[in-house]
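This report describes a single protein chain, with attention to its charged pairs, its nonpolar cores, its strand pairing and its backbone angles. The sequence and coordinates are shown below.

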Amino acid sequence: MALSAQAQATHGIKNRQPIDQAYEFFSSEYVWIWTMVRGGNPGTVVRHVWKRDGVTVFRRELRVGARRWSTNSHHRCPPGAWTVQVQAIDASVLAEVEFIVK
């Protein structure tokens, strides 16, 4: 099975699941990116690449623990149009999430 992922922006994580699906946030709160990775092996690495107005501002490497694995990262973001890409170690994009911070 090839490596694949789905992702969504959320206000938080509970029991390893997103509590909601969100597209707008305020700069006073954290944005969480929840990701479900499929087809990985223990030790596989994926990256969350956080971009504001097209410019990379934050990266987080996340280790996969099984063939089906949920993971997340969070960041308090200043206002702007944001995109978070879930990338494989070779920088191929597995998933992408867009949201606005006011």
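## The loop between S6 and S7

Asp-53 is placed in the loop that runs between S6 and S7. The model is a predicted one, and in it the phi angle of Asp-53 is near 50 degrees, a positive value in a residue other than glycine. Asp-53 counts as exposed because its relative accessibility is 51%, where exposed requires over 50%.

Asp-53 also takes part in a salt bridge with Arg-52, with the closest N and O atoms 4.0 Å apart. Arg-52 has a relative accessible area of 32% and is therefore partly exposed.

## The loop between S9 and S10

A positive phi also occurs at Ala-91, again a residue other than glycine, with a value near 75 degrees. Ala-91 is found in the loop between S9 and S10. Its relative accessible area is 42%, so Ala-91 is partly exposed.

## Salt bridges between strands and segments

How many salt bridges does a search of the whole structure find? The search finds three, one of them being the pair of Arg-52 and Asp-53.

Another joins Glu-24 to Lys-102, where the closest N and O atoms are 3.1 Å apart. This pair links distant parts of the chain: Glu-24 lies in strand S4 (residues 24–25), whereas Lys-102 lies in the segment after strand S10 (93–101), 78 residues apart. Glu-24 is partly exposed, at 47% relative accessibility, and Lys-102 is partly exposed at 49%.

A further salt bridge is formed by Glu-61 and Arg-47, with 3.3 Å between the closest N and O atoms. Glu-61 belongs to strand S7 (residues 55–63) and Arg-47 to strand S6 (residues 45–52), so the pair ties together parts that are 14 residues apart in sequence.

## Strand order and pairing

Five strands make up an open sheet in the order S4-S10-S9-S6-S7, and their pairing is mixed. S4 and S7 are the edge strands, each pairing on one side only.

S4 pairs with S10 in the parallel sense, over two bridges. Within this pairing, Glu-24 has Ile-100 of S10 as its bridge partner.

## Nonpolar cores

The largest nonpolar core has 12 residues in all: Ala-9, Ala-22, Phe-25, Val-31, Ile-33, Trp-50, Cys-77, Trp-82, Val-84, Val-97, Phe-99 and Val-101. Strand S5 (30–38), strand S9 (80–88) and S10 are the elements that give two or more residues to this core. Which element gives the most? It is S10, with three residues.

Apart from this core lies another, of nine residues, including Ala-5, Val-46, Leu-62 and Ala-95.

Ile-33 is one of the members of the largest core. When residues up to four places away in sequence are not counted, Ile-33 touches Ala-7, Gln-8, Ala-9, His-48, Trp-50, Thr-71, Asn-72, Ser-73, Val-84, Val-97 and Phe-99. Among these contacts, Ala-9, Trp-50, Val-84, Val-97 and Phe-99 are themselves members of the largest core.

Note on methods. Residues numbered from 1 in each chain as written. Predicted model: local features only at pLDDT ≥ 70, side-chain atom pairs only at ≥ 80, totals over all residues. Heavy atoms only, no water. Salt bridge = Lys/Arg side-chain N within 4 Å of Asp/Glu carboxyl O. Helix = DSSP H or I, 4+ residues; strand = E, 2+ residues; numbered from the N terminus. Buried < 20%, exposed > 50% of the residue type's maximum accessible area, 1.4 Å probe, protein only. Core = buried A, V, L, I, M, F, W, Y, C linked by side-chain atoms within 4.5 Å. Contact = heavy atoms within 4.5 Å. Pairing = 2+ DSSP bridges.
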